[in-house]
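Look at the sequence and the 3D view, then read on.

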Amino acid sequence: MSDQARAAADVWVVVPAYNEGAVISETLTSLTGLPYRVLVVDDGSADDTWERARDAGVTVLRHACNLGQGAALQTGMTYALRQRDTGYVVSFDADGQHNAADIPRMLAPLLQGDCDVTLASRFAPGGVANDIPAAKKLALRFAVLLARAMNGLPLTDTHNGLRAFTAAAARQISLSQNGMAHASEILSQIASRKLRFREVPATVRYTAYSRAKGQSLSNGLNIIWDILMARIR
Amino acid sequence: MKLLPSQIIIVATVFAFLLYAVRLRTVLRDRLMFAGIVAIGILLAFRPDLATRIANLIGIGRGADLLLYIFLLFSLFQSVYLADRLKTIDARLTSVVREQALESAVAPRDGDE
């Protein structure tokens, strides 16, 4: 086994999923071809997400009720870190917007020991955001500026679900924001724990499905509210 | 613009309350606050003239308006208290659901991988 292949076997790909029955089989098929262990956290879906994930031959966890994407991600990271020999944890959205082929590029800087965390960016040079709706793009640009103001992190994409952590870095992340504000929470913890991070250009694919399910602009305002309230406390 | 004493007192009270809500709360202080507000309510029920006199003193005018302000403060206190309780319950629910999910993980069936 090469070093690369051995390291790959230590990788857990965590896929938080809520009512993704329509697309999760396809997403998981793209992942199970890769030499990683895959874990779906079904966040209390009302549809057949759990059954489809189980049929895909991956490890499946299920929240008894819906808690939010941040909570599902934290549950998945906790599970991965409790398993034997976990070296790296990758987060990957269930809705099919990420490209599984980007994962090796996300892991490469970690395997070389260059940094502790890699964050996918659709806006970095080389990144791709196909058919991104204009309002969505504007909201994401604003989120980038907000993150810069609050954490001082020089990022180009702050709300991308594709991330990779070394196990040591993942252990330092502890999400209390159950909802969508966890994306900002991860960044502020990367900043406060002084984790070494790097952005990696990646592809985000916008489909009719992900557009309908994705974050709306008004939800962006809710996220800002969550972040501000967390700051005050 | 000349400020009425009541305007300064009301704004200062709201800010003091916000400071209390985010920094100074303890269970005992919450209870004392609650008891204090109830005591004021009972006192004013028995001495309606007192509300009017205090109101006049600080420039509110009517005793009924003073009561309104106290009621608003009480509502503010209650909503902060309830929001905090909900947050605690939410955190507990999260940890229970998470532990249960971790305990009942389903590994891939043999031969599937």
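This is a predicted model: local features need pLDDT of at least 70, side-chain atom pairs count only at pLDDT 80 or more; totals for chains, interfaces and linings use all residues.

Residues are numbered from 1 along each chain as its sequence is written, while chains are lettered from A and ligands numbered from 1 in the order in which they are written.

- Helix α2 (residues 27–46) of chain B and α4(B) cross at roughly 155°, and their axes come within 11 Å.
- Axes are lines fitted to C-alpha atoms, for helices over the stretch in contact, and angles run from 0 to 180 degrees between N-to-C directions.
- Helices (H or I, at least four residues) and strands (E, at least two) are DSSP runs, numbered from the N terminus.
- The crossing of α2(B) and α4(B) is left-handed.
- A crossing is left-handed if the near helix is turned anticlockwise from the far one by less than a right angle, and right-handed if clockwise.
- From α2(B), the contact uses Asp30(B), Met33(B), Ile37(B), Ile40(B) and Leu44(B); from α4(B), it uses Leu67(B), Ile70(B), Phe74(B), Phe77(B) and Tyr81(B).
- Two residues are in contact if their C-beta atoms, placed from the backbone, lie within 7 Å.
- By class, the contact of α2(B) with α4(B) has 9 nonpolar, no polar and 1 charged residues.
- Ala, Val, Leu, Ile, Met, Phe, Trp, Tyr, Cys and Pro count as nonpolar, Asp, Glu, Lys and Arg as charged, and the others, Gly among them, as polar.

*α3 with α4*

- Helix α3 (residues 48–58) of chain B and α4(B) cross at roughly 90°, with axes that come within 7 Å.
- α3(B) and α4(B) are therefore roughly perpendicular to each other.
- Among the residues in this contact are Pro48(B) and Ala51(B) of α3(B), and Gly63(B) and Asp65(B) of α4(B).
- By class, the contact of α3(B) with α4(B) has 6 nonpolar, 2 polar and 1 charged residues.

**Where the chains meet**

- The contact takes 14 residues from chain B and 18 residues from chain A.
- On the chain B side, helix α4 (residues 63–103) gives the most, with 6 residues.
- The chain B side divides into 8 nonpolar, 2 polar and 4 charged residues.

**Inside chain A**

- Helix α6 (residues 134–151) of chain A packs with helix α8 (residues 182–192) of chain A at about 35°, with axes 10 Å apart.
- The crossing of α6(A) and α8(A) is right-handed.
- The α6(A) side of the contact is Ala147(A), Met150(A) and Asn151(A), and the α8(A) side is Ser184(A), Leu187(A), Ser188(A) and Ala191(A).
- Ala181(A) lies in the loop between α7 (167–171) and α8 of chain A.
- Ala181(A) counts as buried, because it has 23 C-beta neighbours inside 10 Å.
- A residue is buried if 20 or more other C-beta atoms lie within 10 Å of its own, exposed if 12 or fewer, and partly exposed in between.
- Ala108(A) is found in helix α5 (residues 103–111) of chain A.
- Ala108(A) is partly exposed, with 15 other C-beta atoms within 10 Å.

Definitions and conventions. Angles under 35 degrees count as roughly parallel, over 145 as roughly antiparallel, 65 to 115 as roughly perpendicular and the rest as oblique.
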